[in-house]
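Me: I would like to go through a structure step by step. Could we begin by looking at it together?

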Amino acid sequence: MKQTITNDGVGKWVTRQYDVEKAAGTLQYTDDLRFGPELLHAKAARSTIAHGEIVSIDVSEAMKVPGVVKVILGDQFVHRFGLYLHDRTPLAVGKVRYVGEPIALVVAETEEAAEEGALKVKAKYKELTPIFDPVKEATDNSILVHPELESYEHVPFIVPQPGTNLANWFRIRRGDVEKAFEESEYVVEEAVNCPQIAHGFLEPHCCICKEDPATGYLTIWTAAQSVFATREIIAAGLGYPLNKIRVIAPPIGGGFGGKAGMTIEALCLAGAMDPDVKGRPVKLHISREEVMLTSWVRQGYVARIKMGIDKDGKILGMKNTFYFDTGVSAEYGANPVRSAGYTSTGCYYVPNVWTDSYAVYTNKPFGGAYRGFGLPELMGVMETIIDIAAHKIGMDPVEFRLKNILEPGLKTCTGMPMHNHALPKIIEKVVDKVGIQKKEEPRRPGWKRGKGLALAIKAPAKPADASSSAIVKVLGDGTVEILAATMDMGQGTYTSFAQMASEELGIPVKKIRCIYPDTNSHPYDWQTVASRSCWAMGMAVKRAAADAREQIISLYAQYWQVPPESIVIEHGIVKCRSAGKAEPLDERIQNGFKMPDGYYHGGPIIGTGSFVPPDVIYPDNETGQSPKSVVHFTVGAVGIDVEVDPATGCVEVNRVSSGYDVGKAISPMNVRGQIEGGTVQGISAGLMEGMYYDEKGRLLTPDFTDYKIATIKDIPEEIDSFWEETPEELSPYGNRGVGEHSMISPAPAIGNALFNALGVRIHTYPFSRERVYKAVQMSKTGEEDLWDYPYVQEQNYKKAKKEWF
Amino acid sequence: MLAFEMERPASLKEAFEILSRSGPDTAVKAGGTDLLVWMKKNLVHPELIVDLSLIEELKGISFDPSGGLVIGALATVNEVAEHPQVGKFYPALMDAALSHSDFVMRNKATVVGNLCSAVPSGDMIAPCCVYEGVMHLVGPAGRRKVPVMEFITGPRKNVLQKGEIVKSVELPLPKGHSAGCYLKLGRRNALDLAQVGVACVITDGPGEREYRLSFGAVTPRPVRAKVAEDLLRGVVSPDESLLDKVAEAAMACVDPITDVRASREYRISMVGELTKKALRKCLERF
Ligand SMILES: Cc1cc2nc3c(=O)[nH]c(=O)nc-3n(C[C@H](O)[C@H](O)[C@H](O)COP(=O)(O)OP(=O)(O)OC[C@H]3O[C@@H](n4cnc5c(N)ncnc54)[C@H](O)[C@@H]3O)c2cc1C
């Protein structure tokens with residue numbers, strides 16, 4: 001029998017934790033921490049060329065700037081860091097590989113002095129030819145970004161190809177695709193491409209590092225999503241024991257994957273660990289321009305899918321070739337490439353599959369984690385090409401999708417049987433809500449209206465052994481503290497954890513608080529990424545809270561001399577109805593109970609819980625096959641209704657409906673927030689986002705003047721979000737991940753809607769006004785496909801009239 | 001941003017004293033929404049900033065039916081947008097003001113600062129050209145008046161001499177019944193610099209119907225579409241074929257560049273499309 005009663009448990013609409021402090025502006029972020037006059041400031045001097053050998057770096061002028069303490073160069077701090085592949089040094093060593101790469105770190109008494117010093121660092125280079133086009137570089141390999149690739153350490157499930165620009169090559173080999181194509185009635189082969197995009201979180205990266213010169217202990221305060229991953233990556237890169245590194249993460253102002261793994265901390269350590277800094281804390285707070293240039297981006301890609309379809313519209317075979325532009329480092333970006341690869345048939349059942357998913361090094365800023373982690377990329381291609389195929393074979397795109405849907409029990413491309421899900425029902429609802437199959441008159445006179453559908457799928461992309469643990473403490477005033485090293489960066493996980501603890505403990509949510517992570521106080525968690533926290537850490541929190549509950553109940557059973565089963569905890573009050581007892585949780589929970597025999601028992605209640613996924617096996621490196629390659633999938637669908645102004649190419653979204661099978665909505669308020677937010681982020685990416693470079697590899701979109709993100713005026717009037725609840729077996733409450741999924745498919749849905757409106761297929765993201773205008777012009781001449789190869793854009797740009805004289 | 005010094009004079013007189021003894025690396029600041037961004041990006045490194053924001057003589061907006069509208073150097077874009085006479089007599093300026101950045105920025109950014117910055121995409125430039133604005137300059141050598149069209153001499157260039165500042169910009173009242181509008185195309189619906197801006201004014205003047213057209217972000221210096229304006233002169237309700245000819249003439253008088261915001265080709269097409277839209281809208285409002 002359930003022994004807890006609460007109004008705020010799992011599935012209830014409760015208000016979110018830490019929103020009050022955020023609204024009042026009193027929540028302290030990393031930049032708000034004060035370290036007094038001891039604090040030094042660091043600023044990086046950066047490479048002005050995309051590829052070259054460093055001939056010399058002159059720091060003499062920088063050292064003359066009043067207040068400059070030290071200028072550190074790459075050869076004074078030679079450490080390779082990386083989550084999956086150790087290919088990144090915080091400062092360039094010997095060579096620069098992209099415009100913006102740090103070449104020196106200036107440490108000074110003030111921010112201004114550090115900046116002036118950085119401007120005065122002068123470097124001489126022997127220029128090398130830079131490379132930018134992933135398809136060309138993957139096939140040609142005449143210029144290598146990392147000739148030393150062979151010597152880099154990496155995890156076994158990443159497969160770099162030394163002597164090439166391939167940082168990872170993920171493969172699926174299942175059945176016989178060539179035979180499938182021969183047996184097919186139709187063969188459709190199409191390609192789609194997309195530039196790199198950036199997260200656009202509000203808070204730029206900030207960190208403060210300090211080394212105790214006596215012991216070598218390092219303390220790092222940082223805007224990071226995952227304190228333990230940061231610690232592990234730094235420990236591995238420095239060759240340091242874990243216990244000598246403490247990472248503290250104050251609240252962060254948004255992440256979206258951009259603060260996953262280790263970002264600027266190692267660069268800051270190059271300053272803090274310098275002997276001349278003598279143990280003073282060093283702060284590195286980078287500007288927006290530096291965020292855009294030198295932290296993760298979502299990888300650009302060029303992707304091709306060939307599909308064989310029989311006369312009834314069943315897909316028989318699929319051959320996928322994905323080139324991901326991973327930039328100068330794949331230490332993190334190698335994994336979205338894998339994630340796209342092992343989901344490379346999308347939401348469809350395809351018996352014969354051949355997939356090559358490549359991470360290709362180029363001389364550009366580097367790819368990493370971004371909400372969706374390979375799946376917005378994959379589905380950006382898949383859902384476009386599925387739509388094209390449906391039209392080519394003369395079948396309704398909704399029907400074509402349903403016909404090939406990955407029904408429960410059918411095998412995914414890795415050979416894992418699909419679990420139960422409600423995707424067909426979700427599709428039906430979306431189609432109905434948006435009227436996907438109905439033609440409607442435009443709302444704006446003279447505009448063209450169209451509707452589109454796209455499906456979404458994603459599994460948490462993480463190592464098979466990504467574990468979590470949590471501590472639940474019941475305090476002497478009857479409140480609860482949860483130590484779970486997940487970062488709540490706005491997604492609302494702390495509210496979900498509080499609801500789980502409330503469910504298990506019978507204590508109201510307002511008496512439960514989650515504490516921001518510190519590796520010294522919190523037990524281990526792998527990372528806050530992959531939509532895994534409510535699932536994996538959720539399990540640890542549930543176990544820890546249940547452990548605490550059992551301890552409380554057994555103490556009261558002894559105290560009241562009643563059977564433990566007769567006790568319930570109801571809204572924070574412990575009751576035994578049969579014995580007529582009801583007492584609030586109070587200081588006895590902390591100090592112990594005076595038992596009938598006169599002795600004290602108990603003491604502070606601390607519940608603990610741990611979790612590691614029990615049954616995942618890595619896909620085979622040669623074939624991609626595995627009995628269970630991932631813990632579960634979350635599936636969903638997006639329907640969108642758009643209008644185009646043919647005079648300008650401007651696209652307005654009338655309405656959008658997004659539904660996902662979340663298993664169980666732990667915190668409905670946050671589930672809705674995640675679906676709405678991700679939908680907006682996906683629409684933004686689809687309509688306007690892209691990072692562009694000139695022919696020398698200089699970023700042309702280094703700031704929010706030119707990197708555009710949707711504002712409130714660009715988002716639809718109607719965002720309908722809903723969910724289905726097909727329980728997940730292992731999960732704490734049947735819940736699945738939902739944090740990333742809503743970002744996956746709005747962009748292809750828009751593309752399909754534009755095709756519906758204009759009769760032109762745009763194969764290149766984003767659907768900017770200029771590009772859509774081009775499509776409108778093509779529709780007038782009956783052309784059907786618009787394809788702007790992103791890497792020739794630099795060449796066009798080279799020839800264009802760029803200045804007035 | 002590098003370290004700098006700042007002075008905040010309380011009067012024009014004091015400002016000129018400071019300016020006369022300051023070195024070459026001095027910049028005046030109104031709202032600072034351009035200047036501070038340039039400093040942060042290390043495009044300029046002024047050693048001294050003379051902040052004008054306390055100077056009473058530079059504040060406010062005044063309207064006089066015989067003279068027109070006088071916008072003081074410190075009048076913010078929001079003050080202009082909210083001024084009743086601007087809405088009534090200068091709708092192109094009002095549209096442009098509301099298309100500028102966002103509400104928060106407009107509380108700081110000034111109209112005169114926008115003209116002084118002389119960035120070709122500046123949203124205040126084209127409307128001030130169709131209203132035939134005149135800049136009032138004051139400096140060590142005295143006062144002078146310069147039409148906006150001549151004040152801006154190229155991208156980020158103007159005629160200001162060392163020590164000289166702009167006191168105000170004056171926009172004469174359009175003669176007779178008039179209508180106007182400003183259309184701005186950006187990459188999204190708010191907070192973007194113009195890919196193309198089109199300002200249009202129609203007046204019934206003392207004589208025949210007159211049209212004025214000016215464009216933002218597509219020429220290095222302010223421009224009026226004289227040929228297009230002449231095609232329309234005296235026509236009360238232009239038909240679509242005339243509008244097409246006007247659009248052609250408009251496209252012929254611009255010379256945009258390609259940058260990350262838009263290609264030259266798209267900008268030229270948009271000058272045509274937006275000119276037609278602007279004319280239709282003005283006629284609707286007339
Ligand atoms: C987020 C953001 C959004 C923006 N959006 C837009 C937009 O949509 N449209 C647009 O056109 N602009 C935009 N801008 C640019 C900027 O806001 C405008 O150009 C603004 O109007 C400039 O006015 P200011 O008072 O801030 O000028 P300041 O920055 O103070 O000065 C700009 C320049 O003019 C000079 N100057 C200023 N006043 C005088 C004077 N009285 N005499 C002589 N010289 C003077 C200064 O020395 C400086 O060189 C934006 C800027 C930001 C930061």
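Reply: The answers below describe a predicted model, taking the contact between chains, the ligand and some local details in turn.

Me: How many residues of chain B are in contact with chain A?

Reply: On the chain B side there are 38 residues in contact, and they meet 30 residues of chain A.

Me: And what area do the two chains bury between them?

Reply: Chain B and chain A bury about 3000 Å² between them, and 56% of this area is on carbon and sulfur atoms. Of the area that chain B buries against chain A, 22% is supplied by Arg188(B), Asn189(B) and Val260(B), which is more than any other three residues supply.

Me: Why give an area at all?

Reply: The accessible area lost when the parts come together is often used to state the size of an interface.

Me: How many salt bridges are there between chain B and chain A?

Reply: The count is seven salt bridges between these chains. One of them joins Lys41(B) to Glu289(A), with the closest N and O atoms 2.9 Å apart. Polar contacts between chain B and chain A number 21 residue pairs, counting pairs with both residues at pLDDT 80 or more.

Me: Which part of chain B gives the largest share of the side that touches chain A?

Reply: That is helix α12 of chain B, residues 264-285, which contributes seven residues. Sorted by class, the side of chain B that touches chain A has 19 nonpolar, eight polar and 11 charged residues.

Me: Let us change topic. Which residues are closest to the ligand?

Reply: The ligand is surrounded by 33 residues, and the closest are Val28(B), Thr33(B), Asp34(B), Thr110(B) and Asp123(B).

Me: Which backbone atoms lie by the ligand's oxygen and nitrogen atoms?

Reply: A backbone N or O atom of Leu35(B) is 2.8 Å from an oxygen atom of the ligand. For Ser101(B), a polar backbone atom is 2.7 Å from an oxygen atom of the ligand. In the case of Val166(B), a backbone N or O atom lies 2.9 Å from a nitrogen atom of the ligand.

Me: How much of the ligand does the protein cover?

Reply: On its own the ligand has 980 Å² of accessible area, and the protein covers 88% of that. Two or more residues of the shell come from each of β2 (26-29), α2 (35-40), α7 (111-117) and β10 (165-171) of chain B. The largest share, five residues, is from α7(B).

Me: What classes of residue make up that shell?

Reply: The shell around the ligand has 16 nonpolar, 12 polar and five charged residues.

Me: Back to salt bridges: how many does the structure hold over all chains?

Reply: Over all chains there are 79 salt bridges. Among them is the pair of Arg655(A) and Asp641(A), whose closest N and O atoms are 3.1 Å apart. Arg655(A) is in strand β28 and Asp641(A) in strand β27 of chain A, 14 residues apart.

Me: Last topic: which peptide bond is cis, and where is Pro766(A)?

Reply: The bond from Tyr765(A) to Pro766(A) is cis, with omega near -10°. Pro766(A) is in the loop between β30 (761-762) and α18 (769-781) of chain A.

Me: What about the phi of Asn141(A)?

Reply: Asn141(A) is not a glycine, although its phi is positive, about 60°. Asn141(A) is in the loop between α4 (134-140) and β8 (166-174) of chain A. Most residues other than glycine have a negative phi, and most peptide bonds are trans.

How values were computed: Residues numbered from 1 in each chain as written. Chains lettered and ligands numbered in written order. Predicted model: local features only at pLDDT ≥ 70, side-chain atom pairs only at ≥ 80, totals over all residues. Heavy atoms only, no water. Contact = heavy atoms within 4.5 Å. Buried area = accessible area lost by both parts, 1.4 Å probe. Salt bridge = Lys/Arg side-chain N within 4 Å of Asp/Glu carboxyl O. Polar contact = N/O pair within 3.5 Å; in protein donor to acceptor, adjacent residues only side chain to side chain. Helix = DSSP H or I, 4+ residues; strand = E, 2+ residues; numbered from the N terminus. Nonpolar A, V, L, I, M, F, W, Y, C, P; charged D, E, K, R; others polar. Near = heavy atom within 4 Å. Areas by Shrake-Rupley, 256 points an atom, 1.4 Å probe, with all protein chains shown as cover.
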